[in-house]
Amino acid sequence: MGDMVVVRKEGLYCVPGQFYIDPWRPVERAVITHAHGDHARYGHGHYLSAEAGVNVLKSRLGDISIDGVAYGERVVHNGVAISLHPAGHVLGSAQVRMECGGEVWVASGDYKVEPDKTCAPFEPVRCDTFITESTFGLPIYRWEPEQQILDEINAWWRRNAEAGRCSVVFAYAFGKAQRILSGLDPSIGPIVCHGAVEPLNRVYRAGGVALPETRMVSEVDKADLRRAIVVAPPSASGSPWMKRFGDYSDAFASGWMLLRGARRRRGVDRGFVLSDHADWPGLMSAIKATEAGRVIVTHGSIPVLVRWLCQNGLDAAGFDTEYGDEEEDESTPPAGRAAAQEAEAPAGEADA
Ligand SMILES: [Zn+2]
Ligand SMILES: [Zn+2]
């Protein structure tokens with residue numbers, strides 16, 4: 001049998017199953033790993049996703065034809081047994097397991113190994129071939145435990161509140177924003193969310209995720225804003241919407257904040273290194289846990305990760321995809337090439 005999954009111009013294609021995974025062009029049947037814009041696009045005839053992700057997809061894509069399956073439940077399509085398994089990335093994110101003729105392939109989508117309070121934790125799935133993302137696939141990327149970063153955010157907010165200054169944290173509206181909210185200490189002051197963040201908060205709460213009380217800016221007195229933390233998407237930075245917060249302190253929360261240049265280009269006071277993707281040790285442990293003999297690497301640091309895997313005795317190659325070209329997930333490096341080049345140098349040292 002040939003490869004079970006190949007790249008076509010429309011996206012990753014399961015040959016025997018005759019369906020696509022996170023296709024970037026309109027297709028008849030799409031299995032969607034999660035609702036970030038570069039993985040979940042408009043215009044497919046039919047969508048299949050994890051049950052926990054259905055309402056997120058509907059809130060972002062509107063009235064689509066979609067079926068949800070519980071994590072681990074098997075559905076057979078053209079002789080391929082499909083099941084979805086938690087990817088630990090955002091609410092409803094899934095890895096796609098495909099079994100056909102005794103062979104098993106798993107496509108990871110985006111994933112994060114460290115558990116958090118806003119989605120089901122990453123589940124390693126054994127397979128023959130693992131298709132993995134590599135957004136942070138360089139040895140320099142190592143995350144501190146999430147609780148430490150959340151503690152730092154609360155301490156920064158508390159200091160600003162005591163000084164009578166509003167705190168503004170920029171974070172991607174879907175996923176990162178809710179993760180930060182889940183860790184905020186509401187005793188410090190009011191929590192204000194941008195209009196792009198609040199609809200997703202509602203979907204998370206409806207999905208059983210506990211988030212503290214959040215308000216729209218219009219619901220908070222001007223005096224109280226000086227003790228508030230504001231969670232807003234990066235696109236709000238520099239917009240007229242920011243004027244009402246006066247002399248605020250701002251921060252950006254992203255794995256890319258590990259790079260000093262990325263923080264400088266964002267022009268924010270603080271960078272919090274908080275990522276929804278696996279770091280280098282996370283990628284290593286996830287790949288190992290699959291026991292796959294063959295690994296195919298998608299968006300991120302394809303050459304570095306492929307070379308490292310080959311040196312470690314695995315059959316590895318890259319897939320060219322169109323993921324990571326919308327700025328609403330960390331799959332898109334800030335300032336693209338500049339950040340990538342900045343990251344290359346230390347990676348070379350770590351290889352030696
Ligand atoms: Zn994503
Ligand atoms: Zn991605």
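## Two crossing helices

Helices α2 and α3 are roughly perpendicular to each other, a label used for angles of 65 to 115 degrees, whereas angles under 35 degrees count as roughly parallel, those over 145 as roughly antiparallel and the rest as oblique. Their axes come within 9 Å and cross at roughly 75 degrees; such axes are lines fitted to C-alpha atoms, for helices over the stretch in contact, and the angles run from 0 to 180 degrees between N-to-C directions. Helices here are DSSP runs of H or I with at least four residues, strands are runs of E with at least two, and both are numbered from the N terminus.

Where the two helices meet, E146, L150, I153 and N154 of α2 are in contact with R179, I180 and G183 of α3, contact being heavy atoms within 4.5 Å. By class, this meeting place has three nonpolar, two polar and two charged residues, where Ala, Val, Leu, Ile, Met, Phe, Trp, Tyr, Cys and Pro count as nonpolar, Asp, Glu, Lys and Arg as charged, and the others, Gly among them, as polar.

## About the model

The model is predicted, so local features need pLDDT of at least 70 and side-chain atom pairs count only at pLDDT 80 or more, while totals for chains, interfaces and linings use all residues. Residues are numbered from 1 along each chain as its sequence is written, chains are lettered from A and ligands numbered from 1 in the order in which they are written, and side-chain values use heavy atoms, with hydrogens and water left out.

## Domains and cores

The protein chain is divided into domain 1 (5-141 + 276-345) and domain 2 (146-272), with bounds that come from an automatic or database domain assignment. The C-alpha centres of these domains lie 28 Å apart, and 30 residues of domain 1 are in contact with 23 residues of domain 2.

The largest nonpolar core has 44 residues, of which L57, V169, I180, L184 and I229 touch the most other members; a nonpolar core is a set of buried Ala, Val, Leu, Ile, Met, Phe, Trp, Tyr and Cys residues joined through side-chain atoms within 4.5 Å. Helix α2 gives the most to this core, with five residues. A second, separate core of 27 residues includes W143, V217, A232 and F245.

## Helix α4 and its cover

In helix α4 (residues 198-206), the buried residues are E198, L200, N201, V203 and Y204, where buried means under 20% relative accessible area, exposed over 50% and partly exposed in between, with a 1.4 Å probe and protein chains only. Among the elements that cover these residues are α1 (54-61), α3 (176-183) and β13 (191-193). Just after α4, G208 takes a positive phi of about 90 degrees.

Most residues other than glycine have a negative phi. Q18, in the loop between β2 (11-14) and β3 (19-21), has a positive phi near 55 degrees, and at 49% relative accessibility it counts as partly exposed. D22, in the loop between β3 and β4 (29-31), also has a positive phi, near 45 degrees, but D22 is buried, with a relative accessible area of 1%.

G102 is placed in the loop between β9 (94-100) and β10 (103-107), and its relative accessibility of 64% makes it count as exposed. The C-alpha atoms of G102 and R260 are separated by 48 Å, and these residues are 158 residues apart along the chain.
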